Amino acid sequence: RKSPSTLPHNLQMSSHISWSRKCSLMLVYLPFFLQEAATLGKKVMVLDYVVPTPLGTSWGLGGTCVNVGCIPKKLMHQAALLGQALKDSRAYGWQYDEQVKHNWEIMVEAVQNYIGSLNWGYRLSLREKSVTYQNSYGEFVEPHKIKATNRKGQVTYHTAETFVLATGERPRYLGIPGDKEYCITSDDLFSLPYCPGKTLVVGASYVALECAGFLAGLGLDVTVMVRSILLRGFDQEMAEKIGAHMETHGVTFIRKFVPTQVERLEDGTPGRLKVTAKSTEGPEFFEGEYNTVLIAIGRDACTRNIGLQTIGVKINEKNGKVPVNDEERTNVPYVYAIGDILDGKLELTPVAIQAGKLLARRLYGGSSTKCDYINVPTTVFTPLEYGSCGLAEEKAIEEYGKQNLEVYHSLFWPLEWTVPGRDNNTCYAKIICNKLDGNRVVGFHVLGPNAGEVTQGFAAAIKCGLTKELLDETIGIHPTCAEVRGKRTLFKAYL
């Protein structure tokens, strides 16, 4: 997010309003604990301001997940799955003569209509709980005091007893000629008013692979340009299996290259772009033409232009993230932080929601419960969905030593895929067990349909201390994908 000083001149008008410091609470942007705090009887205000992308894209209340993250991503992933289901349906006896094609505009309109209903629901919920909402950009100007600049340039000042930072992150750009002028990010994709056409996705993050996956599933020509490895931070065996599956289903991967320039060859919706890239391992160059270039190389914390230095809040200068203690408190006692901007913590919406609720209860409800950031489940919604909980195999080896681990794994074929004869021996599951702790499961990984639904239940078991013996004793639900993790037929990968 940009500093108000970088906004147009007409955003520099000023008026003055102050809130009493006693028993009041100021929130910078939209933390997830504000409704909890209001429920506990506190006077609450929230500032929420979305600086438009270089292409002018903005959105409503609810943060990244609701507007340009989890929600639209999962819905577009579902659109792609429905396309595959249509193909499979013929093998199950469904007959249709009409040529089936996808309409991008109808999908985007439906997705945005749903997001709009969520935005309205949040506004209504804040109103019902007497939370003051202000669509303004917040910036600290002195201890306990913040300046808020709205879209019309009107400035108000507010004081509060406690502040919570939940500014989240925004997509990072490449820093090359033409990136901000001609490329899009995930902030633009989900409301893009036209079909992106032939698309180059730059990056190998989960955002990159998820977007590439559903775009290919909708029938588009998709290429992914990868600088180094897929899904950094995730289990690399699973990551490579995801990449192999995507290649099998039409996604092209250009490995070990990075873009150096993007040029516009032709205007249009979409237009035509020329991308020049260089090898990371040699003198080779690559040139290609695409209709759309989607940059998904990571995200930066929105902390550098909100006046934190004015009140002495420390950030990690390398990544802009905020160090906190185990109660989400920064080095300034009256300032807390939650969500993706926390240094060293998971960048997951449910984690932020849980941390926010527990923070409000500790501050105002007499609770002492802290957020547990260990063994948090997550799912990557690539065409072959990837659910995980606990440690990646590489991390488990680093923490416990290879000699102290047993890894059990199994390929499986979902029953639903057998009739259309699709992707045999592609779905995969493995568990990583610590031999020094009674074969306790320290890592769970699954590739297959509905991986998120499968992983959620196993995550609860892992938090309860699941062992390989208990897993073997659990009777599976037949015929499901989840039952494969309960079988004794899992093979030992190594001792």
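Visitor: Where is His 478 found?

Guide: His 478 is in the loop between helix 14 and strand 23 (491-494). Helices (H or I, at least four residues) and strands (E, at least two) are DSSP runs, numbered from the N terminus. This is a predicted model: local features need pLDDT of at least 70, side-chain atom pairs count only at pLDDT 80 or more, and totals for chains, interfaces and linings use all residues. Residues are numbered from 1 along each chain as its sequence is written, and side-chain values use heavy atoms, with hydrogens and water left out.

Visitor: What does UniProt list His 478 for?

Guide: The unreviewed UniProt entry lists His 478 under "active site". Such annotations may be inferred rather than shown by experiment.

Visitor: Why does His 478 count as exposed?

Guide: Buried means under 20% relative accessible area, exposed over 50%, partly exposed in between (1.4 Å probe, protein chains only). His 478 has 65% relative accessibility, so it counts as exposed.

Visitor: What makes the pair of His 478 and Glu 483 a polar contact?

Guide: The two side chains come to 2.8 Å. A polar contact is a pair of N or O atoms within 3.5 Å; within protein, one must be able to donate a hydrogen and the other to accept it, and residues adjacent in sequence count only if both atoms are side-chain atoms.

Visitor: Which residues does the "binding site" annotation cover?

Guide: In the unreviewed UniProt entry it covers Gly 203, Ala 204, Ser 205, Tyr 206, Val 207, Ala 208, Leu 209, Glu 210 and Gly 298. They span 96 residues in sequence, yet no two of their C-alpha atoms are more than 13.3 Å apart, so they gather at one spot.

Visitor: Why do Ser 205 and Tyr 206 count as partly exposed?

Guide: Ser 205 has 22% relative accessibility, so it counts as partly exposed. Tyr 206 has 33%, so it gets that label too. Ser 205 is in the loop between strand 9 and helix 7, while Tyr 206 lies in helix 7.

Visitor: Which residues is Ser 205 in contact with, leaving aside its neighbours within four places in sequence?

Guide: They are Leu 231 and Ala 296. Contact means heavy atoms within 4.5 Å. With that exclusion, Tyr 206 is in contact with Leu 231, Glu 347 and Val 380.

Visitor: How do you know that strand 9 pairs with strand 10?

Guide: Two strands pair if DSSP finds at least two bridges between them. Four bridges join strand 9 (residues 199-202) to strand 10 (residues 222-226). Four also join strand 9 to strand 15.

Visitor: In what order do the four strands form the open sheet?

Guide: The order is 11-10-9-15, and the pairing is parallel. Strand 11 (252-255) and strand 15 (292-295) each have a single partner strand, so one side of each is left without a neighbour in the sheet.
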